[in-house]
Amino acid sequence: MTFTFYGKEHRSLYVNNNGVVSFGVSVSQYTPDPFPLADGRPFVAPYWGDVNNNLGGDVYYRETQNPELLRRLTRDINQYFPEIPFTATWAFVATWDRVAYYGSTSQKVNTFQAVLANDGKVTFIMLNYGTIQWTTGTASRGDANTGLGGTPAQVGPLIQHTQECGTRWWREP
(Lines give C-alpha, C1' and ligand atoms only; values in the text may rest on other atoms or scores of the structure.)
Protein backbone atom coordinates (compact mmCIF):
# COMPACT_ATOMS: atom_id res chain seq x y z
CA MET A 1 0.00 0.00 0.00
CA THR A 2 1.28 3.45 -0.89
CA PHE A 3 0.32 6.12 1.61
CA THR A 4 0.95 9.84 1.95
CA PHE A 5 2.64 11.21 5.07
CA TYR A 6 2.98 15.00 5.19
CA GLY A 7 2.78 15.32 1.42
CA LYS A 8 5.28 12.58 0.55
CA GLU A 9 4.34 9.13 -0.72
CA HIS A 10 5.78 6.11 1.08
CA ARG A 11 5.69 2.45 0.07
CA SER A 12 7.20 0.90 3.17
CA LEU A 13 7.33 1.37 6.91
CA TYR A 14 9.14 -0.27 9.77
CA VAL A 15 7.93 -1.03 13.27
CA ASN A 16 11.09 -0.67 15.31
CA ASN A 17 11.51 -2.31 18.70
CA ASN A 18 12.54 1.06 20.19
CA GLY A 19 9.04 2.60 19.98
CA VAL A 20 9.39 4.15 16.50
CA VAL A 21 7.46 3.64 13.25
CA SER A 22 9.75 4.80 10.44
CA PHE A 23 9.33 5.27 6.70
CA GLY A 24 11.71 3.77 4.15
CA VAL A 25 14.49 2.94 6.64
CA SER A 26 14.65 1.32 10.06
CA VAL A 27 15.73 3.18 13.21
CA SER A 28 17.88 0.99 15.45
CA GLN A 29 18.96 3.65 17.94
CA TYR A 30 17.51 3.37 21.46
CA THR A 31 18.64 6.68 22.96
CA PRO A 32 16.59 9.41 21.29
CA ASP A 33 18.33 12.37 19.67
CA PRO A 34 16.84 15.84 19.96
CA PHE A 35 14.58 16.80 17.06
CA PRO A 36 15.29 17.61 14.27
CA LEU A 37 17.57 14.74 13.37
CA ALA A 38 20.63 15.56 11.28
CA ASP A 39 19.79 12.94 8.63
CA GLY A 40 16.22 14.14 8.04
CA ARG A 41 14.48 10.76 8.24
CA PRO A 42 10.71 10.96 8.85
CA PHE A 43 9.12 8.83 11.52
CA VAL A 44 6.47 8.62 14.21
CA ALA A 45 7.71 8.13 17.75
CA PRO A 46 4.89 6.92 19.97
CA TYR A 47 7.59 6.38 22.63
CA TRP A 48 11.17 6.45 21.32
CA GLY A 49 13.23 4.97 24.13
CA ASP A 50 15.05 1.97 25.59
CA VAL A 51 12.36 -0.64 24.90
CA ASN A 52 13.54 -4.18 25.59
CA ASN A 53 10.77 -6.70 25.07
CA ASN A 54 13.22 -9.56 25.73
CA LEU A 55 12.70 -8.66 29.40
CA GLY A 56 8.91 -8.51 29.01
CA GLY A 57 6.14 -7.51 26.66
CA ASP A 58 5.37 -7.84 22.97
CA VAL A 59 5.28 -5.68 19.87
CA TYR A 60 2.35 -6.22 17.50
CA TYR A 61 1.48 -4.58 14.19
CA ARG A 62 -1.00 -4.95 11.39
CA GLU A 63 -2.19 -3.31 8.22
CA THR A 64 -5.96 -3.31 7.94
CA GLN A 65 -8.95 -2.34 5.87
CA ASN A 66 -11.42 -3.63 8.44
CA PRO A 67 -14.64 -1.66 7.80
CA GLU A 68 -15.56 -1.35 11.49
CA LEU A 69 -12.15 0.04 12.47
CA LEU A 70 -12.09 2.40 9.46
CA ARG A 71 -15.54 3.76 10.41
CA ARG A 72 -14.37 4.35 13.98
CA LEU A 73 -11.21 6.12 12.82
CA THR A 74 -13.20 8.24 10.37
CA ARG A 75 -15.65 9.21 13.11
CA ASP A 76 -12.90 10.13 15.57
CA ILE A 77 -10.90 12.14 13.05
CA ASN A 78 -13.97 13.98 11.75
CA GLN A 79 -14.97 14.84 15.33
CA TYR A 80 -11.68 16.64 16.00
CA PHE A 81 -10.94 17.89 12.47
CA PRO A 82 -14.38 18.67 10.99
CA GLU A 83 -12.91 21.14 8.46
CA ILE A 84 -10.90 18.38 6.74
CA PRO A 85 -12.99 15.99 4.62
CA PHE A 86 -11.73 12.53 5.55
CA THR A 87 -12.90 8.93 5.15
CA ALA A 88 -10.32 6.33 6.20
CA THR A 89 -9.69 3.62 3.60
CA TRP A 90 -6.56 2.06 5.16
CA ALA A 91 -4.98 1.87 8.60
CA PHE A 92 -1.79 0.63 10.18
CA VAL A 93 -1.71 -0.19 13.88
CA ALA A 94 1.48 -0.81 15.91
CA THR A 95 1.23 -1.70 19.61
CA TRP A 96 3.97 -2.06 22.21
CA ASP A 97 2.21 -4.07 24.91
CA ARG A 98 3.60 -4.17 28.46
CA VAL A 99 7.20 -3.66 27.27
CA ALA A 100 10.12 -3.43 29.69
CA TYR A 101 13.14 -1.16 29.43
CA TYR A 102 16.76 -2.03 28.72
CA GLY A 103 18.61 -3.08 31.89
CA SER A 104 15.42 -3.26 33.97
CA THR A 105 15.60 -4.78 37.44
CA SER A 106 11.95 -3.91 38.14
CA GLN A 107 8.50 -4.99 36.98
CA LYS A 108 7.75 -1.59 35.37
CA VAL A 109 6.23 -1.76 31.89
CA ASN A 110 4.78 0.59 29.27
CA THR A 111 1.90 0.11 26.82
CA PHE A 112 1.52 2.48 23.87
CA GLN A 113 0.28 2.48 20.29
CA ALA A 114 0.52 4.33 16.97
CA VAL A 115 -2.37 4.29 14.50
CA LEU A 116 -1.94 5.67 10.98
CA ALA A 117 -5.20 6.26 9.13
CA ASN A 118 -5.16 7.15 5.43
CA ASP A 119 -7.80 8.14 2.87
CA GLY A 120 -5.54 7.85 -0.18
CA LYS A 121 -4.38 11.47 0.12
CA VAL A 122 -4.00 12.37 3.79
CA THR A 123 -2.65 10.41 6.75
CA PHE A 124 -3.64 11.10 10.33
CA ILE A 125 -1.66 9.76 13.27
CA MET A 126 -3.19 8.78 16.58
CA LEU A 127 -0.93 8.04 19.54
CA ASN A 128 -2.59 6.05 22.31
CA TYR A 129 -1.21 5.37 25.77
CA GLY A 130 -2.08 2.83 28.40
CA THR A 131 0.25 2.29 31.33
CA ILE A 132 3.46 4.36 31.28
CA GLN A 133 5.77 3.49 34.20
CA TRP A 134 9.27 4.24 32.88
CA THR A 135 11.01 6.88 30.75
CA THR A 136 14.57 5.60 30.36
CA GLY A 137 16.59 2.41 30.38
CA THR A 138 20.22 1.91 31.21
CA ALA A 139 21.26 2.22 27.53
CA SER A 140 20.31 5.91 27.90
CA ARG A 141 21.90 6.30 31.35
CA GLY A 142 18.66 5.68 33.26
CA ASP A 143 18.33 3.92 36.60
CA ALA A 144 17.88 0.13 36.31
CA ASN A 145 15.47 0.01 39.25
CA THR A 146 13.29 3.08 38.60
CA GLY A 147 13.42 3.45 34.80
CA LEU A 148 13.97 7.19 35.28
CA GLY A 149 16.82 9.65 34.70
CA GLY A 150 19.26 9.79 31.80
CA THR A 151 17.91 10.71 28.37
CA PRO A 152 14.13 10.17 28.51
CA ALA A 153 11.95 8.83 25.71
CA GLN A 154 10.64 11.25 23.09
CA VAL A 155 7.15 11.32 21.65
CA GLY A 156 5.67 12.69 18.43
CA PRO A 157 5.81 12.64 14.64
CA LEU A 158 9.02 13.98 13.13
CA ILE A 159 8.77 15.25 9.59
CA GLN A 160 10.59 17.60 7.27
CA HIS A 161 8.36 20.22 5.66
CA THR A 162 9.76 22.37 2.85
CA GLN A 163 8.27 25.79 2.20
CA GLU A 164 9.34 28.74 0.03
CA CYS A 165 11.30 30.14 2.98
CA GLY A 166 13.34 26.95 3.41
CA THR A 167 13.20 23.70 5.30
CA ARG A 168 11.34 23.57 8.60
CA TRP A 169 11.04 20.78 11.13
CA TRP A 170 7.95 20.02 13.13
CA ARG A 171 7.64 17.91 16.20
CA GLU A 172 4.09 17.59 17.37
CA PRO A 173 3.81 17.26 21.16
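Guide: Welcome! Asn 78 sits in helix H1, residues 67-80, a helix being a DSSP run of H or I with at least four residues and a strand a run of E with at least two. The model is predicted, so local features need pLDDT of at least 70 and side-chain atom pairs pLDDT 80 or more, while totals for chains, interfaces and linings use all residues. Residues are numbered from 1 along each chain, and side-chain values use heavy atoms, without hydrogens and water.

Visitor: Why is Asn 78 called partly exposed?

Guide: Buried means under 20% relative accessible area and exposed over 50%, with partly exposed in between (1.4 Å probe, protein chains only). Asn 78 has 28%, so partly exposed is the label.

Visitor: Which residues is Asn 78 in contact with, leaving aside neighbours within four places in sequence?

Guide: They are Ile 84 and Phe 86; contact means heavy atoms within 4.5 Å.

Visitor: What makes S6 and S9 edge strands?

Guide: Two strands pair if DSSP finds at least two bridges between them. The open sheet of 4 strands has the order S6-S7-S8-S9, with antiparallel pairing. Strand S6 (58-64) and S9 each have a single partner strand, so one side of each has no neighbour in the sheet.

Visitor: How do you know that S6 pairs with S7?

Guide: The pairing rule asks for at least two bridges, and 7 bridges join S6 to strand S7 (residues 90-99). These two strands run antiparallel. Val 59 stands opposite Trp 96 in S7.
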